[in-house]
Amino acid sequence: MIKNYLKTAWRNIHSNPVYSALNIVGLATGMAVALLIGLWVFNQISYDRFLPHYQQAYALKVNYADPQEGTRTQNYLPLPLAGLLRTTIPGIQYVAETDFADFPGHDFIVGDKKLLVDGGTVAPDFLKIFQYPLIKGNVNSVLNDPFSIVLDESTAKALFGDNDPISKIIRVDNQYNVKVTGVMKDFPANTSFQFHFLMPFGFAEQTASYVKAARTQWDNSSFEIFVALQPGATQAQVTYRIKSLIAQNNPNVRAYKPQVFLYPLKDWRLYADFKNGKAAGGFIIYVRMFGIIGALVLLIAAINFVNLSTARSQKRAREVGVRKAIGSRRYHLIFQFLTESVFITFAAFVLAIVLVILALPQFNTLTGSGVQIPYGSPVFWCIMLAYVLGIGLLAGCGPAFYLSAFNPVKVLKGSIQIGKAAATPRKILVVLQFSCSVAFIISTIIIYRQIQYAKDRPAGYSADRLVSTFMTKDLYDNYPALKNDLLASGMVQSVTSASSPLTKIGWHTGISAWPGQSPGELKINVGAVIVNETYFNTVGMHLIAGRNFTNNLAAEATNIIVNEAAVKRMGLKQPINQLITFDGINGKSRIIGVVQDAVMGSPFTPVEPTVFNRINNFSSQVIYRLTPGVSPHTAIEKIGKLFNKYNPAYPFSYVFVNESYDKKFSLEALVGKLAAIFAGLAIFVSCLGLFGLAAYMAEQRSKEVAIRKILGASAAKVWVLLSADFIVLVTISCIIASPIALYFLNDWLQKYQYRISIGPGVFILSAVITIGITLLTISFQAVKTALANPVKSLRSE
């Protein structure tokens, strides 16, 4: 019986190739989108889940309460806290303080090989908390020696080839020799940590005086701390024991009521955003968004299947009548139609797998993920079997029950109009289809406009031809000579140095006292950047009051320049020469200038109060502007030789500031691209169904059109006649989709303080685009029917 059903299904596909192709391609596209998104969603929610005992791993965070700014959550903590956790808090099994320095990396030299590698220094228990697989080495001893190092597999191979790296020596930053004691397996893409080496925290203490001093400094919150709980200990129990540790040991911050808490590893990826001290979502928003999009695209494809099947019911009505007349029961017919539906769905699934395989490389490149089809997983294939059966049965049950309900006598006598019976449900489904598609189009336009709005925001500096290079010790020691050589080369217009990149402030401190401060008002959290006298001119920031720094460091040590946001926050009417207490300088600091606000943080938030100072010559960046009219490629090539002259141990590296700034939009740009792609696919699938319905309607009304043409109707009038119904349905879809999209997009925009407002133009543009695509889709069939010879249509009458 099933064999006969399959034969019948194949014959129906073969005898109706156009409609079968529309069904299969549309369904395959929807299934491919849903499968691709499903694999990506699984990839995101399984972040770090490959680590043994990941449920016991936590990061420490701290909340500081500020009446003016609200509660802020901070990842960085004072180093003495780690010692207290080890010795005084029950329920904690392992503690690891870490310093993943925020710069391009360390220079590794092995023979004639030089690599710039990113990583960090960690306490020995780090690899017991996060149990990354070790290919070589013992987890209990690999980080015991301060001058040891653990590499990942790729870095070990790059440095040592196929030779055994264990006990080999690496020269680090042209200053220290370290011995390889372990090799880690390369990390998958879906892990929170992405580093290529680990060195013991003791290395940082022995080579960086500020780290050694930080062991006893409760005011220095510069380190991340991670813990693993003992079996049986709960997050709530340990959080209760540790929440007051900073307040108890640092009276300077008690006014901010610091509360230490644990944040589980399983939530880091998806719930990283905090608002007023509470987890407030994060990337989970996009995971849910695209999960819904995948489901809607699949729904659109299923609607196509139902619509095309019911629309062509008249073609199969006599078949149903004959089968019932010779004894077939209704359940036999239902089973036959469901078998056909599953057969078509299986064919669509095979095509969907092919589409996913073809799309995965580009998808992974676009999203930066490592999504793969788990061919060897029985669970995956069981899910796919249920996926095919579920879609096949759900999509096919409507047509199956509809077609099997025909009265055989009426059908064979031709006394009922089969096609009209399902017209209303079909129209409802078409409206549902296009409502989803219109919502996708509106979303794509809004996301694009939000990105452009932030990109068009005045940055407060000129990023044109501006380049930044990390300041190593050798570059720091030779900075005056390097600066002179760069200017003399003719390739560089101006040179400066700073403690932070132009697109990120690396040091935050506070202003404790200022003129007009209210009684009991807490200090202002500010960004702080150490600069020199050429900084503002080089980067293109404009002083709007006061003067610049001079090259006399001793004279300028207590002077500061503040931005407009700091002046506004302090409420100063005449800021020049005002004395304030800036926590980066001992004693009082004098404001000598006010600089225009510059976007150095997120382009979607207000500019934060910032203090520029010259307390010392510390710098982490060399910033230089290329000479106008010189090819950037030529300039970089010549400049690289100068950097190599003074920094021979490091490969020359550089970042164009405009490229660094553009990276701030990477998440929103990714969401926009994916939304545009999926909106396009949703429209494509919807139009496939619309094309099939238009062809069916044209076929059904061919005789009516012929009579109208004989009576004098023009081709244009016939085109309007055949298009009008679809345009009405799509217009209704636009009306339904607009308020729904407005509601959800308004909610999405609330996460941005610097955001657009949604006007009616977006909805009008989306409607015009959708109606235009609809007209293009149905016009082929409408024009074809309008231009057909009416004699051929009426010949059988």
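My entries start with the whole chain and then go to single residues.

**Entry 1: the whole chain**

First thing to write down: this is a predicted model. I counted through the protein chain and got 28 helices and 27 strands. How much of the chain is buried? Of its 797 residues, 50% count as buried. I then looked up the accessible surface, which comes to about 36300 Å². Carbon and sulfur atoms own 59% of that surface.

I also checked how far apart in sequence the contacting residues are. Taking contacts between residues at least 6 apart in sequence, I find that 79% join residues at least 24 apart.

**Entry 2: helix H8, side by side**

I picked helix H8, residues 235-242, and asked which of its residues are buried. They are Val238, Thr239 and Ile242. Why do these three fall on the same side of H8? They cover an arc of only 100 degrees around the axis, and that puts them together on one side. On the other side of H8 I find Ala236 and Tyr240, both exposed.

Next I wanted to know what the buried residues of H8 pack against. There are strands in the list: S1 (57-64), S4 (92-99), S13 (221-229) and S14 (259-264). Helices H3 (80-88) and H9 (245-249) are in it too.

**Entry 3: salt bridges**

A search of the whole structure gave me 14 salt bridges. I looked at a few of them.

Arg215 pairs with Glu205, and their closest N and O atoms are 2.5 Å apart. Arg215 sits in the loop between helix H7 (209-214) and S13, while Glu205 is in helix H6 (residues 201-207), so the pair ties together parts that are ten residues apart in sequence. Arg215 is partly exposed at 28% relative accessibility, and Glu205 is partly exposed at 22%. Which residues are linked with Arg215 and Glu205 in a network of salt bridges? I noted Arg86 and Glu97 as the other members.

Asp267 and Lys266 also meet through their side chains, at 3.5 Å from N to O. Asp267 counts as buried, with 17% relative accessibility. Lys266 is partly exposed, with a relative accessible area of 40%.

Asp464 and Arg465 make another salt bridge, at 3.1 Å from N to O. Asp464 is partly exposed at 44% relative accessibility, and Arg465 is partly exposed at 22%.

**Entry 4: cysteines**

How many disulfides does the structure hold? I found zero. I still looked up two cysteines for their accessibility. Cys382 has 53% relative accessibility and counts as exposed. Cys436 has 10% and counts as buried.

**Entry 5: Ser437 in H16**

Ser437 is in helix H16, residues 423-455. Is Ser437 buried or exposed? Its relative accessibility is 0%, so I put it down as buried. Leaving aside neighbours within four places in sequence, I see Ser437 in contact with Ile300, Ala682, Ile683 and Ser686.

**Entry 6: Phe763 in H27**

Phe763 lies in helix H27, residues 760-786. At 17% relative accessibility, Phe763 counts as buried. What does Phe763 touch, not counting residues up to four places away in sequence? My list reads Ile442, Ser738, Leu742 and Ile758. I also checked Phe763 against Val438, which is 325 residues away along the chain. Their C-alpha atoms are separated by 8.9 Å.

I followed up on one of them, Ile740, and found it in helix H26, residues 715-749. Ile740 has 45% relative accessibility, so it goes down as partly exposed.

Technical notes. Residues numbered from 1 in each chain as written. Predicted model: local features only at pLDDT ≥ 70, side-chain atom pairs only at ≥ 80, totals over all residues. Heavy atoms only, no water. Buried < 20%, exposed > 50% of the residue type's maximum accessible area, 1.4 Å probe, protein only. Helix = DSSP H or I, 4+ residues; strand = E, 2+ residues; numbered from the N terminus. Arc of directions from axis to C-beta. Contact = heavy atoms within 4.5 Å. Areas by Shrake-Rupley, 256 points an atom, 1.4 Å probe, with all protein chains shown as cover. Disulfide = S-S within 2.5 Å. Salt bridge = Lys/Arg side-chain N within 4 Å of Asp/Glu carboxyl O.
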